[in-house]
Amino acid sequence: MRNGRFITFEGGEGAGKSTQIRRLATRLRTHAREVVATREPGGTPLAERLRSIILAGGARDFGDFGEALLFSAARIDHIDRIIRPALARGAFVLCDRFADSTRAYQGARGGAEENMLAILEAVTLGGVRPDLTFILDLAPEIGLERARARRGQGGADRFEGEDLAFHALLRDKFLGIARAEPERCRVVDAAKPEDEVAEAIWSACLEQWPLLATEGRQWA
Ligand code: Z5A
């Protein structure tokens, strides 16, 4: 049974995904009985443990497909324990990164074959697919600078440490996903001020679910 709505946020580093999830969650809470904001890799204790290992670079030597397997293991736990039950309760689930990140990050260099990643994705998701995906599009130079500024003195993680060419490839990958699945994906210009990005996201939600326009209505 699946009555809820599943929204994912994708894009490069520092694109503003976490910021926009917080804003959308606040707005949706005035309309919906339950809003769950979560993230990948992570969202459950087991998946958060895998997150620490992967982002510290502890799985890099497995190669792109090996890392994709670990992200997928974390995703299966996340879907089973958090996402599927929340959707079955009728919640809006907002997720910071999901399967498109595996397609983009682990697929960018061609080290993991696209058809193998597609099979892995189908097995991992078990039919739990986003209703709507926001691809926050931003020049990687700007995104990396935002991430650097936020980090302060701390070191870059496994993926932030990749070179600019890799981050440019990621941007192309995400835009390619949006072109291939226009019914699911909305590309949002993430270089705009935070408020404008939030309005673009809210407009797309209203277009997708016009009932949200009714102030105070409790989404069933
Ligand atoms: N990964 C993978 O390889 N495969 C997978 O399957 C999955 C993930 C699921 C997770 O890292 C890493 O795992 C990720 C991909 C890989 N790569 N990295 N690194 P993460 O969760 O730690 O990092 P992230 O997902 O890239 O998020 P982020 O760097 O925290 O960025 P963000 O959430 O998109 O941005 P933000 O935190 O909302 O904003 C960043 C800063 O910019 C902050 O100071 C904001 O105040 C500022 N900001 C936000 N919006 C604006 C606007 N509009 N204008 C100006 N400034 C802004």
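This passage walks through the overall build of the chain and then a handful of its residues.

The model is predicted, so to speak of a local feature takes a pLDDT of at least 70, and side-chain atom pairs count only at pLDDT 80 or more, while totals for chains, interfaces and linings use all residues. Residues are numbered from 1 along each chain as its sequence is written, and side-chain values use heavy atoms, with hydrogens and water left out.

Starting with the big picture, the chain has eight helices and five strands. Here helices (H or I, at least four residues) and strands (E, at least two) are DSSP runs, numbered from the N terminus. Read from that end, the elements go β-α-β-α-α-β-α-α-β-α-α-β-α. The radius of gyration of the chain is 17 Å, close to the 17 Å that the globule rule gives for 220 residues, so the chain is as compact as a globular protein of that length. That radius is taken over C-alpha atoms, and the globule rule is 2.2 Å times the number of residues to the power 0.38. Along its principal axes, the C-alpha trace spans about 50 × 35 × 35 Å.

As for what is tucked away, 47% of the 220 residues count as buried. Buried means under 20% relative accessible area, exposed means over 50%, and partly exposed is in between (1.4 Å probe, protein chains only). The chain exposes about 10500 Å², and carbon and sulfur atoms supply 54% of that; these areas come from the Shrake-Rupley method with a 1.4 Å probe, and for residues only the protein chains shown count as cover. Among contacts (heavy atoms within 4.5 Å) between residues at least 6 apart in sequence, 79% join residues at least 24 apart.

Now for some individual residues. Arg-184 sits in the loop between helix 7 (164-180) and strand 5 (185-189), and at 8% relative accessibility it counts as buried. The side chain of Arg-184 makes a polar contact with the side chain of Glu-181, at 3.0 Å. A polar contact is a pair of N or O atoms within 3.5 Å; within protein, one must be able to donate a hydrogen and the other to accept it, and residues adjacent in sequence count only if both atoms are side-chain atoms. Leaving aside residues up to four places away in sequence, Arg-184 touches Asp-100, Arg-103, Pro-130, Asp-131, Leu-132, Thr-133 and Ile-177.

Thr-124 belongs to helix 5 (residues 114-125) and is buried too, with a relative accessible area of 7%. A polar atom of the Thr-124 side chain lies 2.7 Å from the backbone oxygen of Leu-120. Beyond residues up to four places away in sequence, Thr-124 touches Ser-72, Arg-75, Ile-76 and Ile-79.

Over in helix 6 (residues 140-151) there is Glu-145, which counts as partly exposed at 41% relative accessibility. Glu-145 and Gly-14 are 131 residues apart along the chain, yet their C-alpha atoms are separated by 7.8 Å.

Glu-40 and Pro-41 are joined by a cis peptide bond, with omega about -10°; Pro-41 is in the loop between strand 2 (35-39) and helix 2 (45-55). Arg-97, in the loop between strand 3 (92-96) and helix 4 (99-106), has a positive phi of about 75° although it is not a glycine. Arg-97 is buried, with a relative accessible area of 13%.
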